[in-house]
Amino acid sequence: MLKTEQAYLAIVIGASAGGLYALSALLEKLPADFRLPLIVVQHRSKDHREILEEVLQSKCKVKVKQVDEKERIEDNCVYIAPPDYHLLIENDRTFSLSCDEYVRFSRPSIDVLFESAAMVYRNKLIGIILTGANNDGAAGIKTIDASGGLTIAQSPQEAQFPVMPEAAINTKGVKQIRSIAEIATFLVNIQDE
Amino acid sequence: MNFEDKEFRGLLESIRYTYGYDFTDYAEASVRRRINHFMNFKKITALNELEGMILKDEKLFESFIQELSVTVTEMFRDPAFYKSLRENAIKRLATYPFIKVWIAGCATGEEVYSIAILLKEEGLLNRSVIYATDINQKSLQVAREAVYPVENMQSYTINYQKAGGTNSFSEYYKSKYNSVMFDKSLKQNIVFSPHNLAVDKSFNEFQLIICRNVLIYFNQQLQNKVIQLFHESLCPFGLLGLGNKESLLFSEKRMNFDEVDRKEKIFIKNS
Ligand SMILES: C[S@@+](CC[C@H](N)C(=O)[O-])C[C@H]1O[C@@H](n2cnc3c(N)ncnc32)[C@H](O)[C@@H]1O
């Protein structure tokens, strides 16, 4: 396992098709006191405003909530991007929302979150790409990698839809390719260090 | 690409000084993203290079402003909001002999015609005036023309129906080639005009103010100032409609409003 010299401050996760299952599998393995904030973009329909949060909370011991505009990012919380808005992170560690045009046919877009998170957290950021059937997040992973952050992709063999992790891996910006179970173990170990 | 804080602040300051556009109190992450986008597109690699260019070249500055102001909008966006307006606002509005509505940050007008249709169906349009304002002159021009791409009509029709529309949506426009033009009767009581929420003052008293998906682009301080402006511009018991993820949470005036519909972000001025 990669030894970490740096204390990470946040984790960003991008998921699309198949993501509900993958996210549930990941989040249910985290202990109630998991410290690092997890910030998630899951591509979703705008017709169901809160269902995703409810489903994930039922699986997860850490508090899960939909991001509110200007909310301060706290430890020990899973934040989900609201439907139909891009999610960005400000220098003062608060969230911003925007309804700019779709990026990679998506709003929220994983690239938008990852790129703004990389600017703020630099090498103190972990970026994770899970299952999906498009290439959103690939550019974002590259940016996180270039800023010195740690990048992980779900192994395409395991992913229900391999296109998205494959696209990320193809940028050569991915440091680790792991199964969901391995990602979970890795994250839990990191916070114990 | 990345740029340092000082340079970024400097750029916003010189834009304000030279052109009078004030982006200094906008939420930074989004402005930075748009600037990045513009620089990539124009193949500009450094922030000071961009600054030099837009301060010299007014044409370039204009396209820069277009890039910075996000015009994305649609008709009956968030249909549940419009439904709630029908259910919660119309009865109150109907008690006034003359109704003034302000739609702030109206972009290219889709929201304005949605409100006009709603007022028409509720029998209030002929005694209403809608003031529709935006910072972006180009968007306002599109709004005045009321011509939109025909391919959007399908999704707008669905929105309209979900919003509780009582007619056939296609009655409101005429198709021509690949565009549709909305009916003149909707336009009669609309005044389009430039207004900058960051610097301009109140200009009338309204029974209803709608400002959706604009405040999210501002920082807390500017949000607070704009809510103050809305408070000042509402009549007693006037209504305020915000975007789905916007709230009065950071406003000093939050105690001066009650919630009419918490989910759809409709408020009423109580004092
Ligand atoms: C994302 S659009 C929202 C359009 C529409 N209200 C809606 O919800 O669909 C944001 C609009 O706010 C306008 N805007 C930005 N800053 C402004 C300011 N300082 N004063 C007035 N309008 C502004 C932009 O030009 C743009 O048209």
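Since the model is predicted, local features need pLDDT of at least 70 and side-chain atom pairs count only at pLDDT 80 or more, while totals for chains, interfaces and linings use all residues. Residues are numbered from 1 along each chain as its sequence is written, chains are lettered from A and ligands numbered from 1 in the order in which they are written, and side-chain values use heavy atoms, with hydrogens and water left out.

**Salt bridges**

- Over all chains, the count comes to 24 salt bridges, each being a side-chain nitrogen of Lys or Arg within 4 Å of a carboxyl oxygen of Asp or Glu.
- Glu67(B) and Arg34(B) pair up through their side chains, at 3.5 Å from N to O. Glu67(B) sits in helix 4 (residues 58-68) of chain B and Arg34(B) in helix 2 (residues 28-42) of chain B, so this bridge ties together parts 33 residues apart in sequence. (Helices are DSSP runs of H or I with at least four residues, strands are runs of E with at least two, and both are numbered from the N terminus.)
- Both partners are buried: Glu67(B) has a relative accessible area of 14%, and Arg34(B) has 6%. (Buried means under 20% relative accessible area, exposed over 50%, and partly exposed in between, with a 1.4 Å probe and protein chains only.)
- That pair also belongs to a network of salt bridges, which links Asp100(A), Glu101(A), Arg33(B), Arg34(B) and Glu67(B).
- Arg86(B) and Glu121(B) form another salt bridge, at 2.8 Å from N to O. Here the link runs between distant parts of the chain, from helix 5 (residues 79-88) of chain B to helix 7 (residues 110-121) of chain B, with the two residues 35 apart.
- Arg86(B) counts as buried at 12% relative accessibility, and Glu121(B) is buried too, at 19%.
- Over in chain A, the side chains of Lys70(A) and Glu69(A) meet at 2.9 Å, N to O, and both residues are buried.

**Cysteines**

- There are 0 disulfides over all chains, going by a cut-off of 2.5 Å between a pair of cysteine sulfur atoms.
- Cys77(A) is in no disulfide, and the nearest cysteine sulfur belongs to Cys60(A), 9.2 Å away. Cys77(A) counts as buried, at 6% relative accessibility.
- Cys99(A) is in no disulfide either; for this residue the nearest cysteine sulfur is that of Cys211(B), 11 Å away. Cys99(A) is buried as well, with a relative accessible area of 2%.

**Second largest pocket**

- This pocket has 20 lining residues, and Asp68(A), Asn244(B), Ser247(B), Arg262(B) and Lys265(B) lie nearest its centre.
- Strand 9 (residues 257-261) of chain B gives the largest share of the lining, with 3 residues.
- On the terms: a pocket is an open set of points, on a 1 Å grid over the protein atoms alone, where a 1.4 Å probe fits, with protein on both sides within 12 Å along at least five of seven lines; lining residues have an atom within 4 Å of a point.

**Glu53(A)**

- Glu53(A) is part of helix 2 (residues 51-59) of chain A and counts as buried, at 4% relative accessibility.
- Leaving aside residues up to four places away in sequence, Glu53(A) touches Arg44(A), Val64(A), Lys65(A), Gln66(A), Ile80(A) and Ala81(A), where contact means heavy atoms within 4.5 Å.
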